Amino acid sequence: MDTAMMKRRRFLQGAALAAGGALLTTRLAFAGSDGDSRLIVIIMRGAVDGLAAVPPYGDPDYARLRGALAIAAPGATDGALRLDNLFGLHPQLGFLHESFAAGELTVFHAVASPYRDRSHFDGQDVLESGVITPHASQTGWLNRALAAQSRGARRGTERGVALGSNVPLMMRGPAEVASWSPTKLAELDEDTLQRIADLYSHDPLLGARLGAAQTANSMAADDAPGMMAAGNNRYEEVIQAAAGFLGNDAGPRVAVFDTTGWDTHANEGGARGALGNRFGALDGALRTLKTRLGPTWRNTTVLAVTEFGRTAAINGTGGSDHGTGTAAFLLGGAVKGGRVISDWPGLSAAHLYQQRDVAPTLDVRAVFKGTLVEHMGVPAGALDTVFPDSEKVKPLRDLFRA
Amino acid sequence: MPDSTAAAIATNRFGLGARPGELAACAADPLGWLEAQLKGAPPVIGDPALQNTATMVATIDRVRAQNRALRADNGQALIQAVMKLGAIYRPAYVGEVTARLRLASTTDRSFLERITQFWSNHFAVSVDKAVVLGVAGSYEREAIRPNVLGSFQELLLAVERHPAMLLYLDNYRSVGPESMFAERARERAGRELGINENLAREIMELHTLGVEGGYTQADVTAFAKVITGWSIGAAGKGIQAGGVAGEFYFRPNIHEPGAQKVLGRSYSQDGLRQGESVLLDLARNPATARHIATQLTRHFIADDPPPATVARLAQVFNRSGGDLPSVYRALIAEEAAWSAPLTKFKTPNDYVISAWRALDMPIDDARQVPAVFANLGQRVWSPNSPAGWPDRSADWDGAAALMQRLRWADEIGQRFGAGVNAVQLAPQILGATLSDNTRVALGRAASAAQAVTLLLAAPEFMRR
């Protein structure tokens with residue numbers, strides 16, 4: 001066995017120890033793109049409670065609506081981490097708060113996609129496809145954006161890779177994207193693999209998939225050390241793999257990290273509890289990401305989004321039901337942060353959307369567009385195909401350091 | 001005349017893959033072979049080691065009550081008590097997954113088993129919620145299996161009353177804001193109790209009408225009030241007590257009183273009957289027929305269901321009053337079902353089961369069984385949302401997913417392949433769909449084990 005192969009074996013064994021099966025529900029997909037800028041999109045499936053993630057503690061209606069789930073004002077026990085006079089962060093989001101202070105986090109609030117009903121599945125489809133009608137597109141906006149980048153700027157050898165078994169809709173489309181995930185099963189020997197490749201030479205889809213998987217495996221092998229020390233945190237191992245891929249100069253530039261479990265209908269908890277624990281896990285993983293990326297962090301943007309928000313008032317079972325407006329995050333060394341960008345609609349009965357949800361005042365596509373143009377160098381002229389029927393949604397400008 | 005292509009389609013597209021000898025048995029009359037599976041009571045998983053839901057939920061309640069008592073004084077004991085819950089859930093889950101695989105890999109009614117697993121996924125619960133780990137299998141055995149050859153409305157009622165569903169989608173403690181219980185909480189403690197609309201929404205969106213089914217937020221809220229009180233019985237004396245522990249129990253004191261308007265119709269029945277009436281109307285709604293017809297066609301025929309097929313199935317659904325065997329017969333009578341190429345990529349679940357069937361493998365260590373499905377990306381009963389597992393090829397054919405499948409195929413080849421003649425086996429499993437490329441590759445394999453790996457890796461074994 002040659003050295004590279006040995007490395008890969010060792011790596012995969014390490015990854016298997018670290019992964020423990022969590023990867024099968026948390027997915028990460030990668031693709032190549034221009035230059036040095038890195039982008040990780042975190043899809044938080046299930047509708048994140050924006051009023052818990054970014055509590056508007058200064059809003060006069062907040063504490064009443066939230067009852068036992070309300071996050072106290074900054075300074076109180078388990079209080080919000082102060083952003084400004086109106087907003088704070090959930091107390092479990094300590095790393096995000098440090099990043100805000102360091103000017104590396106921008107928080108958006110009262111954000112929504114153009115989707116206005118309350119189905120997770122349609123909402124996620126619109127968020128990922130970038131098309132206003134659910135299930136109208138088999139491709140995702142991020143993939144179309146990658147495909148729209150000028151050929152000259154793209155490096156010829158780059159390929160995408162999905163860390164996680166399958167590729168989420170946001171990353172599906174014409175630009176080449178593969179996937180990779182740690183495994184508990186042993187590698188195939190070269191001879192069997194070659195025979196399967198021959199068998200697939202008549203099958204374009206399976207042939208392409210097999211090729212992509214082999215490429216991803218060899219890329220992953222170069223990043224073995226980063227994968228060895230993943231802890232118990234449910235997101236940690238995936239984030240470490242992301243750091244391995246994105247930190248590699250010859251590797252992919254764009255990743256999609258799929259997370260689930262944000263659908264908090266019951267026992268949501270306030271400062272502590274189920275949702276808080278999940279925030280804490282994600283926050284810790286993001287801290288790891290920054291550490292692992294080292295100097296690459298300077299060029300990195302993490303965009304964390306969800307399909308919609310939750311009801312302003314808590315429901316009868318200590319949770320919240322499907323809503324509309326919510327929060328979103330733009331984090332990273334490339335971000336011109338330390339700001340909350342929100343045209344806050346207020347939580348009084350008259351200002352809630354349909355008397356129940358945070359009214360959306362910012363289209364999440366404006367954030368997507370701003371990120372694609374300023375951070376990823378996607379030509380502004382391509383945005384109409386990336387986001388059809390979105391002429392009125394102008395890219396948010398000045399989100400990144402010059 | 002025996003039809004080898006039709007037999008391969010019958011066993012693979014509609015079944016869970018052929019077992020050795022099955023193609024030959026089916027070839028004389030593939031359609032009749034499928035239709036025969038719809039006659040007679042559905043098979044029962046009769047493993048005496050498996051517990052019913054009521055027993056499991058009652059046990060969980062008891063342990064939780066002990067935990068609450070411990071919480072006050074002893075931290076260490078509490079940790080052990082919480083671990084005890086896992087020690088109750090996990091063996092139940094392992095037993096259920098294994099029993100399910102045992103049936104699926106040996107049954108000669110594999111079309112019916114596919115149908116059963118389709119409904120189980122249509123009415124999905126997920127072990128992502130810890131408590132569901134203990135009851136997902138018994139839910140399938142109790143609410144789904146006995147009802148797959150009845151009417152849709154019987155199936156729907158069985159599902160929505162089942163404690164696993166009431167736990168998973170939170171309805172068991174959804175409280176009508178004007179109910180007796182809520183009034184008392186308001187007066188005595190100043191506490192506001194209310195509904196949880198999770199189950200009501202998913203019944204409309206996922207179980208019956210479909211997201212395009214024409215309901216509004218107001219319908220969801222009203223329906224959620226209608227089904228307040230649909231809960232689970234509990235032992236003891238406190239406010240939770242009532243009914244039979246662990247079984248469906250309607251709690252009048254948390255039910256929202258009065259009439260509710262759902263989809264333009266007023267429901268003024270008392271108590272449980274109000275919810276049953278809404279469910280029966282949802283089952284009869286033409287949108288439900290379309291939704292179910294679409295899901296079934298996508299599952300069995302093509303990712304993009306042919307509209308004409310969907311229309312015919314919906315019509316049969318409507319005219320027969322939701323008689324499920326009539327709908328299945330209409331499905332297999334569709335010409336598209338017998339002519340379309342092998343387009344669908346098997347889910348990991350179906351891939352594993354079909355390998356088990358092809359090789360007639362033993363189940364030597366039950367504890368290893370759940371890990372097989374998990375390693376291939378589809379831990380049994382763990383979709384990450386109440387929509388169930390996705391049902392399009394693109395959801396399953398990722399590069400890493402394929403690679404995992406191949407690694408597993410290799411492991412199976414090495415463990416079980418030595419005594420298998422894959423060259424002789426392949427036509428028995430794949431019939432006319434066996435390609436020349438695969439046949440040649442199997443013949444040239446370096447070992448019997450490698451030939452088995454290649455058979456399981458073949459494109460025509462990956463698809464249906």
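## Domains of chain B

In this predicted model, chain B is assigned domain 1 (1–36) and domain 2 (344–462), with bounds that come from an automatic or database domain assignment. The C-alpha centres of domain 1 of chain B and domain 2 of chain B are 19 Å apart.

Residues are numbered from 1 along each chain as its sequence is written, and chains are lettered from A and ligands numbered from 1 in the order in which they are written. Local features need pLDDT of at least 70 and side-chain atom pairs count only at pLDDT 80 or more, while totals for chains, interfaces and linings use all residues.

## Contact between the domains

Between the two domains of chain B, 11 residues of domain 1 are in contact with 13 residues of domain 2; contact requires C-beta atoms, placed from the backbone, to lie within 7 Å. On the domain 1 side, helix 1 (residues 4–14) of chain B supplies the largest share, 4 residues. Helices here are DSSP runs (H or I, at least four residues), numbered from the N terminus.

This side of domain 1 of chain B consists of 6 nonpolar, 4 polar and 1 charged residues. Ala, Val, Leu, Ile, Met, Phe, Trp, Tyr, Cys and Pro count as nonpolar, Asp, Glu, Lys and Arg as charged, and the others, Gly among them, as polar.

## Residues with positive phi

Most residues other than glycine have a negative phi. A:Asp398, in the segment after helix 13 (383–386) of chain A, has a positive phi near 65°. A:Asp398 counts as exposed because it has 10 C-beta neighbours inside 10 Å, where exposed means 12 or fewer other C-beta atoms within 10 Å, buried 20 or more, and partly exposed in between, with C-beta atoms placed from the backbone.

B:Asp170 also has a positive phi, near 70°, and is placed in the loop between helix 9 (163–168) and helix 10 (180–189) of chain B. B:Asp170 is buried, because 23 other C-beta atoms lie within 10 Å.

How values were computed
Helices (H or I, at least four residues) and strands (E, at least two) are DSSP runs, numbered from the N terminus.
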